[in-house]
Amino acid sequence: QGALVAIDPSTGAIIALVGGRRVERRGFNRALRAHRQPGSAFKPFVYATALMRGYTAATMVNDEPVEIEMGRDNTWTPTNFDNEYMGSITMQDALARSSNAATVRISRDVGIERVAALAHAQGITSELPLVPALALGAGAVTPIELTNAYAPFGNGGLRVTPFAVERVEDVFGRVLWQH
């Protein structure tokens, strides 16, 4: 099973939506209703928040192992995928390499609440946990939410609302309703 959502980022028009195999018989459309962790697909919200807080693509960030105290005798140690660290790198390189350590550090600097607020402002409607792991995509969202929240990245920062029907015409071609 899988799901796919493609929208026009400038209008919100849904270009393609696949909710899985045999959605019509089983009734569960994964594109609209399946909540899954976005993982690294959530990282652009961390980096966009950093840009809004004065970071630039050339800002140097620390890509070394990081430990986060989560409470009494509880430490979270996110690692980079390949267990390799680059030391001091530009924010642009950290995003390009999908560095977990650098992303967590940036999110802690700008504030996870601000990251969640930006994700919500861009179109995420699901509740997001305000925990350090959110920077690495620990919250659960639907494919249509994530696709919609990415639209402002390709639309000059402007948010759109997804829609499936552009217009309804009668048999003579007269427009009865238009989005």
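Relative accessible area is used here to class residues as buried when the value is under 20%, exposed when it is over 50%, and partly exposed in between, with a 1.4 Å probe and protein chains only. The structure is a predicted model, in which local features need pLDDT of at least 70 and side-chain atom pairs count only at pLDDT 80 or more, whereas totals for chains, interfaces and linings use all residues. Residues are numbered from 1 along each chain as its sequence is written, and side-chain values use heavy atoms, with hydrogens and water left out.

Salt bridges, defined by a side-chain nitrogen of Lys or Arg within 4 Å of a carboxyl oxygen of Asp or Glu, come to three under this rule. Glu-166, which counts as partly exposed because its relative accessibility is 46%, meets the side chain of Arg-167 in a salt bridge with an N to O distance of 3.3 Å. Arg-167, itself partly exposed at 41%, also forms a salt bridge with Glu-169, where the closest N and O atoms are 2.7 Å apart; Glu-169 is partly exposed at 42%. The side chains of Arg-174 and Asp-170 likewise meet in a salt bridge, at 2.7 Å from N to O, although Arg-174 counts as exposed at 52% and Asp-170 is buried at 19%. Through shared partners, salt bridges join Glu-166, Arg-167 and Glu-169 into one network.

A nonpolar surface patch of about 370 Å² is made by Val-165, Val-168, Leu-176 and Trp-177. Patches are made of residues with over 30% relative accessible area and no salt bridge, like charges being joined within 9 Å and nonpolar side chains (Val, Leu, Ile, Met, Phe, Trp, Tyr) within 5 Å; accessible areas come from the Shrake-Rupley method with a 1.4 Å probe, and for residues only the protein chains shown count as cover. Val-165 lies in the loop between helix 7 and strand 7 (167–169), and its relative accessibility of 41% makes it partly exposed. Helices (H or I, at least four residues) and strands (E, at least two) are DSSP runs numbered from the N terminus.

Helix 3 (residues 43–52) is mostly covered, with eight of its ten residues buried, among them Pro-44, Phe-45, Val-46 and Tyr-47. The cover over these buried residues includes helix 4 (91–96), helix 5 (100–110), helix 6 (112–122) and helix 7 (143–150), where contact means heavy atoms within 4.5 Å. Just after helix 3, Gly-54 takes a positive phi of about 105°.

The structure also holds four aromatic pairs, for which rings of Phe, Tyr and Trp (its six-membered ring) must have centres within 6.5 Å, with planes under 30 degrees apart counted as stacked, over 60 as edge-to-face and the rest as tilted. Phe-45 and Tyr-150 form an edge-to-face pair, because their ring centres are 5.9 Å apart and their planes stand at 90°. This pair links distant parts of the chain, with Phe-45 in helix 3 and Tyr-150 in helix 7, 105 residues apart. Phe-45 is buried at 0%, whereas Tyr-150 is partly exposed at 31%. Tyr-150 and Phe-153 make an edge-to-face pair at 5.5 Å centre to centre and 85° between the planes, and ring pairs link Phe-42, Phe-45, Tyr-150 and Phe-153 into a cluster.

Strand 4 (residues 68–71) and strand 5 (residues 74–76) run antiparallel and are joined by three bridges, pairing of strands requiring that DSSP find at least two bridges between them. Gly-71 has Asn-74 of strand 5 as its bridge partner. The two strands form a hairpin with two residues between them, and Asp-73 in the turn has a positive phi of about 55°.
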